[in-house]
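Please go through the helix packing in this model with me.

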Amino acid sequence: MRRVSLIPQERSENSVVHFLRQPRTIARILAGLFSLIIFASLVTDGYQNLTTSSQLRCVLNDNWVACGYAITAGVLAFLQSFLFLAFDAYDNIIISHKVKSVILSLDLTFSIIWSCIWFVGFCFLANQWTRSAHHYLLGSSSARASIAFAFFSIPCWVYLGYRALRGLWAEPPIPYKQTLDEGTMALTTLSSVTTTSIPNSMEYHSPTEGRRASSTPFPQTPMGNQLTFLNNN
């Protein structure tokens with residue numbers, strides 16, 4: 001009896017383990033973790049000050065745009081990674097093929113966009129780091145970490161786009177043409193049935209025919225024999 005009660009729990013554990021072992025899930029988690037490392041490292045140690053000044057500066061060539069670009073992209077990519085991870089977890093529950101196609105299309109689009117964003121980000125951050133005039137003591141490791149994980153994020157998003165494209169190819173096409181043909185056949189059948197069911201007495205008469213019919217005199221009833229009373233006078 002105890003063995004039977006543990007079967008649903010074992011099935012749920014096996015499904016979770018199977019989901020976490022999927023290559024798409026691993027790539028999604030890695031993309032989210034890399035994004036987390038990028039923006040967390042720059043938020044904590046990405047802004048430092050010189051010994052001669054109290055003003056905070058970005059460790060990437062004192063360029064606030066470089067730090068802002070990496071932090072913003074990291075936060076958005078982190079949120080999107082775990083949002084689509086939730087969609088992947090409920091993939092078996094979603095029955096509608098149309099909804100699945102929309103999710104896969106969005107996944108493919110965003111994966112391509114993030115691949116380009118991290119490629120541009122890697123080139124931009126590496127360029128700014130090589131041009132940095134000041135090398136800070138605490139911010140150097142954060143700058144290197146953001147550059148390295150921006151590069152590692154590129155293959156993750158490319159792979160996610162590839163998996164989304166394969167999923168779109170595997171989805172069956174939506175039969176729009178068949179649905180329109182069935183609707184046309186149904187309308188044709190309905191119109192033919194309606195036409196044949198109209199009785200002959202409901203035929204249309206023109207106004208002239210109605211006037212002709214109304215102009216004919218009504219049949220007169222025969223008059224009975226009239227009695228005539230004559231006076232004797």
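Predicted model: local features only at pLDDT ≥ 70, side-chain atom pairs only at ≥ 80, totals over all residues.

Residues are numbered from 1 along each chain as its sequence is written, and side-chain values use heavy atoms, with hydrogens and water left out.

Me: In which helix is the place of Val-75?
Reply: Helices are DSSP runs of H or I with at least four residues, numbered from the N terminus. Val-75 falls within residues 64-89, which form helix α4.

Me: Is Val-75 buried, partly exposed or exposed?
Reply: Buried means under 20% relative accessible area and exposed over 50%, with partly exposed in between (1.4 Å probe, protein chains only). Val-75 has a relative accessible area of 31%, so Val-75 is partly exposed.

Me: How are α3 and α4 oriented to each other?
Reply: Helix α3 (residues 23-45) packs with α4 at an angle of about 155°; axes are lines fitted to C-alpha atoms over the stretch in contact, and angles run from 0 to 180 degrees between N-to-C directions. Angles under 35 degrees count as roughly parallel, over 145 as roughly antiparallel, 65 to 115 as roughly perpendicular and the rest as oblique. Therefore α3 and α4 are roughly antiparallel.

Me: What is the distance between the axes of α5 and α6?
Reply: Helix α5 covers residues 97-130 and helix α6 residues 139-170. They pack at an angle of about 155°, and are therefore roughly antiparallel. Their axes are apart by 8 Å.

Technical notes
Helix = DSSP H or I, 4+ residues; strand = E, 2+ residues; numbered from the N terminus.
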